[in-house]
Structure formats: structure tokens, C-alpha cells
Amino acid sequence: MFNKDKVHIIKGYFPDTTINLLDKKYSLISLDADLYAPVLHGLEYFYPRLVSKGMIILHDYNNLQFKGAKQTVKDYEQKYGKLLLIPLCDMHGTCIIIKP
């Protein structure tokens, strides 16, 4: 069971949806942006704000049609360091990024 008062769904485009959320911390993020730029904005905003053991579910990481997510992760790691990444065996090539 989860506490509905602690769940916030924010729909929109990165980085517009994060403008007023600079002081927030996150434990679970579902990032489904498909393309390079919005995935990069999502990682740069959310990963530093994840709590320890927090997770980002990144859709399309291993998707052959939308290659931007995987390239974004590679570029993000080159700039900021290696991520703890667990690929899932689902139809969309999802992966989970866990903050230690």
C-alpha cells in the first residue's frame, strides 16, 4: 500500500515541468521521453535529486526505434560518472537507474 498524499504526477515537457521544483527530492521517477534532449534534461534534473536507493525507470533505453535514450545515458555518464543501471527484459527496452 502506498500513501497517495506523497505521490505527485507531473505531466508535461522537460525542462518546463521542473522550473518551480528546484528544492524537491525524489524516490521514484518514470521517465518516458523517447528523444535525446528531453531524456538528458530529465536525467540532469532528477538524478542529482534522487534520494539514496531512489530509482529512475527509463523507458526505451534499449529500443531500436528510439535510440536517443541509450545515447543520452552514455553521454550523461561521460560527463557525470557511471550510473548503476539495470536493463529490463520488456518490450520497450526499459532500464532502471538506481542511486546508491
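## Helices, strands and the loop

Helices (H or I, at least four residues) and strands (E, at least two) are DSSP runs, numbered from the N terminus. Thr 94 sits in the loop between two such strands, β3 (84-87) and β4 (95-98). The model shown here is predicted.

The protein has 2 helices and 4 strands. Along the sequence they follow the pattern β-α-β-α-β-β.

## Overall size

The protein has 100 residues, and a compact globule with that number would have a radius of gyration near 13 Å. The protein has 13 Å, so the value agrees with a compact globule. Its C-alpha atoms fill a box of roughly 35 × 30 × 25 Å, taken along the principal axes.

Contacts also reach across the sequence. Take the contacts in the protein with a separation of 6 or more: residues 24 or more positions apart account for 66% of them.

## Surface and charge

How much of the protein is buried? Buried residues make up 36% of the 100 residues. The protein exposes about 7000 Å². Carbon and sulfur atoms supply 59% of that area.

The protein carries 13 positive and 10 negative charges.

## A closer look at Thr 94

Is Thr 94 buried or exposed? Buried means under 20% relative accessible area. Thr 94 has 5% relative accessibility, so Thr 94 counts as buried.

Which side chain does the side chain of Thr 94 meet in a polar contact? The partner is the side chain of Asp 90, at 2.6 Å. Leaving out residues up to four places away in sequence, Thr 94 also touches a run of residues: Ile 57, Leu 58, His 59, Asp 60 and Tyr 61. Pro 87 and Leu 88 complete that list.

## A closer look at Leu 40

Leu 40 lies in helix α1, which covers residues 36-46. The relative accessible area of Leu 40 is 19%. The cut-off for buried is under 20%, so Leu 40 is buried.

What does Leu 40 touch, not counting residues up to four places away in sequence? The answer is Thr 72 and Tyr 76. Pro 100 is 60 residues from Leu 40 along the chain. The C-alpha atoms of Leu 40 and Pro 100 are separated by 20 Å.

Notes: Residues are numbered from 1 along each chain as its sequence is written. This is a predicted model: local features need pLDDT of at least 70, side-chain atom pairs count only at pLDDT 80 or more; totals for chains, interfaces and linings use all residues. Side-chain values use heavy atoms; hydrogens and water are left out. The radius of gyration is taken over C-alpha atoms; the globule rule is 2.2 Å times the number of residues to the power 0.38. Buried means under 20% relative accessible area, exposed over 50%, partly exposed in between (1.4 Å probe, protein chains only). Contact means heavy atoms within 4.5 Å. Accessible areas come from the Shrake-Rupley method with a 1.4 Å probe; for residues, only the protein chains shown count as cover. Lys and Arg count as positive and Asp and Glu as negative; His and the chain ends are not counted. The place of a charge is taken as NZ of Lys, CZ of Arg, CG of Asp or CD of Glu. A polar contact is a pair of N or O atoms within 3.5 Å; within protein, one must be able to donate a hydrogen and the other to accept it, and residues adjacent in sequence count only if both atoms are side-chain atoms.
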